[in-house]
Amino acid sequence: MSDIANMSRQERINAYWKENNRLIAILLTIWFSVAYIPPLFVNQLNQITIAGFPLGYYFGSQISLIVFVVLIFYYAYAMNKLDAKYHLKDRDK
Amino acid sequence: MAVNEAIKLRNNRLAQYYGMFTVGLIIFSLIMGALELGAGMPKAWIGWTFLMLTMGLYAFIGIMSRTKILDEYYVAGRNVPAVFNGMATGADWMSAASFISMAGTLYALGYDGLAYIMGWTGGYVLLALLFAPYIRKFGQYTIPDFVGTRYGGRWPRLVAAICAIIVSLTYVTAQVVGVGIIMSRFIGVPYEWGVVIGLSGVLVCSFLGGMKAVTWTQVAQYIILIIAYMIPVTFLSLKLTGFPIPQLSYGQALQNITRLETELKIATESKARDGSGRVIQGGYVPAYNEGLSNAAAVTAINQINTYFGVNITPPKAQSIPDISKPAEEIQTDWRGTPWNFLALTFCLMVGTAGLPHILIRFYTVPSVRESRLSVGWALFFIFLLYFTAPAYAAFARWEILQNVVGKEISSLPEWTQNWSRLGLITQRDYTTLDGRDIDKLPAWAAPQVKSGALVINDANGNGKIDLAGATFSETEVDGKKVGTFGELSGTVITKTSVDGILQFSELNIDPDTIVLATPEIAGLPYTVAALIAAGGMAAALSTADGLLVVISSAIAHDFYYRIINPKASMNTRIWLGKTMLVVAAVIAALLALPRLALIAQMVAWAFSMAASSFFPVILLGIFWKRCNGPGAIAGMIGGLSVTLFYMYSNYVDPSFNVLGITHLAAGIFGMPVNFLLCYIVSKLTAAPSQEIQDLVDHLRSPELDDELMTSIAGGKQAAGAH
């Protein structure tokens with residue numbers, strides 16, 4: 001933590017940006033896996049049934065949607081922490 | 001702290017207002033229902049009351065939020081809390097098509113339709129992670145503002161403004177068509193009057209209060225549309241499964257659909273013809289069984305010819321696979337593969353993130369922090385509807401397979417008869433033609449007479465088709481089987497086409513029917529149908545509102561203020577903005593009057609166009625400092641050209657395709673071209689000025705600095721104006 005306090009503003013922004021990009025990359029990987037991998041195996045997944053839903057169909061109509069919502073709220077939460085870590089809070093907060 | 005307290009107080013008050021409104025809406029609906037069932041209130045009254053009350057409410061919010069302050073007019077004063085901006089974005093996003101037609105699309109396409117569900121929600125992840133915080137940090141008024149400032153000079157701004165206007169104008173026209181259709185179906189006013197009444201509702205609101213009024217109206221519209229969407233399907237679920245949460249119970253519907261499809265022999269299996277041994281399964285749950293056809297292009301061009309009295313030759317009708325041709329002639333290697341599904345999903349996602357009327361909503365929140373949260377709320381509110389749409393589709397499919405298909409036409413459920421009368425359900429069994437005037441054949445039979453496949457022999461000369469007591473007989477002429485049934489004969493007359501039983505292939509359902517007919521299928525009173533109409537109106541009007549703001553600001557702000565007259569006073573700018581709003585609304589109304597099928601198709605194209613023009617340029621603008629103006633222009637023009645080329649080629653001739661990808665997903669080809677051109681041209685030309693690179697650094701930090709941003713945006717433009 002102490003090195004962040006010693007950083008110049010530009011250094012803080014650069015480090016913040018690096019961490020932000022890493023977070024974006026991780027979340028987009030999850031986003032991609034949920035949206036684009038299950039369709040490749042949809043007919044195999046459909047052999048499995050959960051509460052009446054064939055799993056392949058269930059992925060497209062419900063699971064992926066729930067993951068999308070969670071990803072965005074998680075990003076908002078994680079970025080608030082990152083803002084605080086690098087002392088880059090909004091003016092009005 | 002005092003500021004925080006004031007904000008908290010205001011948020012509480014807003015929550016209270018909208019909470020009271022929600023309760024009021026439910027109580028009002030219950031009272032109307034009671035009046036209908038208890039006192040026999042006529043349907044027309046119920047319809048009008050719902051319509052007048054909701055429109056009156058929108059006008060009231062518009063008048064209360066009237067403003068002459070520029071920031072309020074363009075960006076709602078930048079003080080919309082995250083949750084409310086989320087609701088407004090939800091209403092802005094969900095159009096007449098989402099509300100009324102999407103469930104019907106899912107009904108028809110089964111799994112393949114889920115590309116729309118995933119695409120139109122997954123795009124918000126891109127928006128949240130890649131765009132929204134930086135758009136808020138940039139803190140100006142329009143998307144061309146961003147492109148113009150980041151890439152310097154008037155050309156990028158001009159190109160962006162023109163793209164924004166074209167996309168928004170087609171989109172708003174589709175909304176106006178939706179308004180006209182809902183009004184004519186539920187209130188019984190002529191379509192043209194529906195268009196005028198609906199548009200005046202939009203104008204009262206956005207004219208007086210701009211973005212501020214639009215925002216607060218959209219919040220109310222979201223509440224109306226989501227309640228209206230949830231109620232009918234909840235009761236339908238209760239009726240069919242005994243469980244009132246449709247999102248959980250429609251698995252049972254899927255099971256029954258699969259069973260019934262097997263029993264009725266609708267679920268087919270065929271081997272792929274490329275020798276790979278892949279099996280293509282037909283039916284609702286199995287994936288990737290859609291073919292390609294240019295039926296849409298043929299319809300659209302015929303309609304244009306009829307309406308405008310021109311003579312454009314429509315392309316030769318084609319569908320792939322074409323069962324009338326021998327197997328080896330057909331190019332269907334892609335059948336049963338996921339490529340079109342994946343490409344379409346991707347284009348819809350990326351296009352969603354690149355649509356200007358959604359992007360500008362993130363100018364209206366107070367901070368970067370709130371903008372991130374606000375996308376989460378937006379997707380949550382949109383999710384509620386998209387999570388439910390497949391339930392509508394599955395229940396309707398189950399009901400239709402169970403009680404309509406394979407039944408005698410004379411004994412079909414009452415709701416089927418009602419919607420057939422309105423022309424939304426077509427039953428193509430020839431016994432339905434009994435007693436019809438020969439010169440007033442339905443739209444499905446008339447072309448068959450023209451092509452000679454159906455021959456009418458009016459033996460008794462009364463001008464009507466008489467089928468009473470007819471029996472079926474068949475002869476062979478030139479190796480083709482020709483059937484005769486009463487006064488009808490021809491190749492289309494077969495044993496099953498005149499048996500008085502509705503086969504699955506004889507049933508055609510307009511996508512709008514699924515949501516509209518659900519109250520009737522569930523046995524609910526007309527009040528619920530009126531609520532659906534109000535919800536559909538809310539969906540169409542809220543989207544139209546947001547789009548009109550984009551169009552008017554592109555003209556008044558980007559063209560006039562930023563390019564023609566940077567010294568224009570605030571009053572002139574607001575006045576011009578209001579004038580442009582009316583002009584755009586009138587143009588949209590004129591475009592909507594012919595009800596061209598082409599308009600709805602153009603809306604679907606908007607996503608591919610946004611994906612291959614705006615998306616890469618905004619993304620690189622934030623994430624790659626070295627990207628410059630020439631790169632952006634080359635990327636936008638190159639990407640859009642490739643997309644338009646594939647789109648047009650596949651639209652008129654479906655045998656032109658790569659891996660079976662349709663024109664709707666043409667953006668998948670244009671987008672990489674945009675990225676590549678942008679990269680190469682940027683590398684070959686000079687790096688952007690230090691000032692621009694500093695701007696990008698500023699964008700990346702969440703500390704708000706609206707004044708600094710404005711001076712960079714304004715200063716750059718003033719220099720470019722000389």
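In what order do the elements of chain A run from the N terminus on? They run α-α-α-β-β-α. This is a predicted model, in which local features need pLDDT of at least 70 and side-chain atom pairs count only at pLDDT 80 or more, while totals for chains, interfaces and linings use all residues. Residues are numbered from 1 along each chain as its sequence is written, and chains are lettered from A and ligands numbered from 1 in the order in which they are written.

**Chain A**

- Chain A has 4 helices and 2 strands; helices (H or I, at least four residues) and strands (E, at least two) are DSSP runs, numbered from the N terminus.
- Its radius of gyration is 19 Å, well over the 12 Å that the globule rule gives for 93 residues, so chain A is more spread out than a compact globule. The radius is taken over C-alpha atoms, and the rule is 2.2 Å times the number of residues to the power 0.38.
- The C-alpha trace of chain A spans about 60 × 25 × 20 Å along its principal axes.
- Of the 93 residues, 31% count as buried. A residue is buried if 20 or more other C-beta atoms lie within 10 Å of its own, exposed if 12 or fewer, and partly exposed in between, with C-beta atoms placed from the backbone.
- Among the contacts in chain A with a separation of 6 or more, 51% are between residues 24 or more positions apart. Two residues are in contact if their C-beta atoms, placed from the backbone, lie within 7 Å.

**Contact between chains A and B**

- Chain A puts 40 residues into the contact, and chain B puts in 41 residues.
- On the side of chain A that touches chain B, at least two residues each come from α2 (9-36), α3 (42-45), β2 (53-54) and α4 (55-85).
- The most is given by α4(A), with 17 residues.

**Chain B overall**

- Chain B contains 25 helices and 10 strands.
- For 722 residues a compact globule would have a radius of gyration near 27 Å, and the 27 Å of chain B agrees with this.
- Its C-alpha atoms fill a box of roughly 85 × 65 × 50 Å, taken along the principal axes.
- In chain B, 51% of the 722 residues count as buried.
- Residues 24 or more positions apart make up 80% of the chain B contacts with a separation of 6 or more.

**Sheet in chain B**

- An open sheet of 4 strands has the order β6-β9-β8-β7, with antiparallel pairing. Two strands pair if DSSP finds at least two bridges between them.
- The edges are β6 (455-456) and β7 (472-477), each with a single partner strand, so one side of each is left without a neighbour in the sheet.
- β6(B) pairs with β9 (residues 488-490) over 2 bridges; B:Val455 has B:Ser489 as its bridge partner.
- β7(B) pairs with β8 (residues 480-485) over 6 bridges, and B:Val477 stands opposite B:Lys480.
- The hairpin of β7(B) and β8(B) has 2 residues between the strands, and B:Asp478 takes a positive phi near 50° there.
- Of the 6 residues of β7(B), 0 are buried, so this strand lies largely in the open.

**Helix pair in chain B**

- Helices α8 (residues 154-186) and α18 (residues 526-564) pack at an angle of about 155°, with their axes 8 Å apart. Axes are lines fitted to C-alpha atoms, for helices over the stretch in contact, and angles run from 0 to 180 degrees between N-to-C directions.
- α8(B) and α18(B) are therefore roughly antiparallel to each other; this applies to angles over 145 degrees.

Definitions and conventions
Parallel < 35°, antiparallel > 145°, perpendicular 65-115°, else oblique.
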